[in-house]
Amino acid sequence: MLRSFGADLSGGLENIPVLIESGVSQDALSKLQYTPENVQGPGCDVDPSEVTLPGCVCRAQSCVPDGCPCLCFGQAYTSEGRLVERQADEADLLHSQPVFECNVLCECSESCQSRLVQNGLRVQLGVFRTQDRGWGVLALEPIPRGCFVCEYAGEVIGFQEARRRQLSQTSSDMNYIISVREHGGERRFIQTFVDPASVGNVGRFLNHSCQPNLVMLPVRVHSLAPRLALFASRDVEVGEELMFDYSGGHDSNTQTQMDAGASQKKPCHCGAPNCTGFLPLDISVLC
């Protein structure tokens with residue numbers, strides 16, 4: 001289907017315009033307060049915009065793992081700006097190793113290989129109206145595997161606020177709240193809730209798929225509050241819809257404490273051969 005795109009959803013806040021499909025009603029889009037990065041919301045103790053992480057003193061064009069404290073878990077990106085490919089027997093490490101980028105306090109150059117997500121949008125995306133799943137996001141240029149696509153940005157809120165918002169939803173309401181649980185050892189975990197319903201970026205319009213072409217990773221830049229970065233899990237063609245697994249690849253039929261008592265699950269229309277039939281209510285990312 002041939003589509004045309006026009007106005008910039010971000011209003012000039014992104015490096016590259018986020019184009020909106022022409023000729024469709026944009027009433028819902030006009031109500032969104034666009035933000036390229038996370039903002040502090042109710043119940044959040046950490047301001048995502050506050051610089052709380054120390055910087056390195058590498059004073060190099062690009063940092064290397066052997067001498068940079070920001071890379072104590074290894075280099076996450078290649079020199080082409082893609083996720084590092086792991087060996088077959090290390091396939092799960094990419095999802096379990098924390099990712100830290102050099103930050104504003106670091107003495108390395110702005111072109112350091114360890115600066116990627118913080119540089120914002122680099123690929124052309126288009127927001128369009130789907131047939132049966134509301135809004136969606138299309139790739140308007142080829143996206144290689146491992147390439148950073150966009151963040152899932154919005155209000156970072158506390159557990160109680162996330163629970164209140166989710167329990168107030170009806171069966172007809174869309175759920176945008178994502179819960180990311182990072183495991184840091186035995187009985188230790190950090191849980192982050194991001195809600196882009198009213199304040200968010202293009203990631204808000206990404207649909208779920210049980211067989212996605214994007215993967216989400218928490219990335220820390222200036223703050224301990226993670227940025228939820230989405231990378232291409234395979235080569236993506238022009239005109240292909242971009243989607244990620246809302247369950248984070250885990251059992252979507254298992255409800256978490258926050259989900260208990262929430263409105264009934266909504267049907268999944270992703271059309272994948274392995275479709276579970278319902279949209280997940282929670283995402284759990286192990287790290």
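Author: A polar contact is a pair of N or O atoms within 3.5 Å; within protein, one must be able to donate a hydrogen and the other to accept it, and residues adjacent in sequence count only if both atoms are side-chain atoms. The model is predicted, so local features need pLDDT of at least 70 and side-chain atom pairs count only at pLDDT 80 or more, while totals for chains, interfaces and linings use all residues. Residues are numbered from 1 along each chain as its sequence is written, and side-chain values use heavy atoms, with hydrogens and water left out.

Reader: With which side chain does the side chain of E21 make a polar contact?

Author: The partner is the side chain of R3, at 3.0 Å. E21 itself lies in strand β2, residues 19-21; strands (E, at least two residues) and helices (H or I, at least four) are DSSP runs, numbered from the N terminus.

Reader: Is E21 buried or exposed?

Author: E21 counts as buried because its relative accessibility is 7%. Buried means under 20% relative accessible area, exposed over 50%, and partly exposed in between, with a 1.4 Å probe and protein chains only.

Reader: What else does E21 touch?

Author: Leaving aside neighbours within four places in sequence, E21 is in contact (heavy atoms within 4.5 Å) with R3, S4, F5, Q26, V127, F128 and R129.

Reader: Turning to the whole protein, how many helices and strands are there?

Author: There are three helices and 15 strands. Of the 287 residues, 49% are buried.

Reader: How many residues are in the largest nonpolar core?

Author: That core has 36 residues, and those with the most contacts inside it are L125, I143, V149, Y152, L242 and F244. A nonpolar core is a set of buried Ala, Val, Leu, Ile, Met, Phe, Trp, Tyr and Cys residues joined through side-chain atoms within 4.5 Å. Elements giving two or more residues to this core include β6, β8 (148-151) and β10 (178-185). Apart from it lies another core of 13 residues, among them Y77, V99, L116 and F148.

Reader: Why would such residues gather?

Author: In soluble globular proteins, nonpolar side chains tend to be buried together.

Reader: What does L125 touch?

Author: Not counting residues up to four places away in sequence, its contacts include P17, V137, V149 and L242.

Reader: Where does V104 lie?

Author: V104 lies in the loop between β5 (99-100) and β6 (125-129). V104 counts as exposed because its relative accessibility is 53%.
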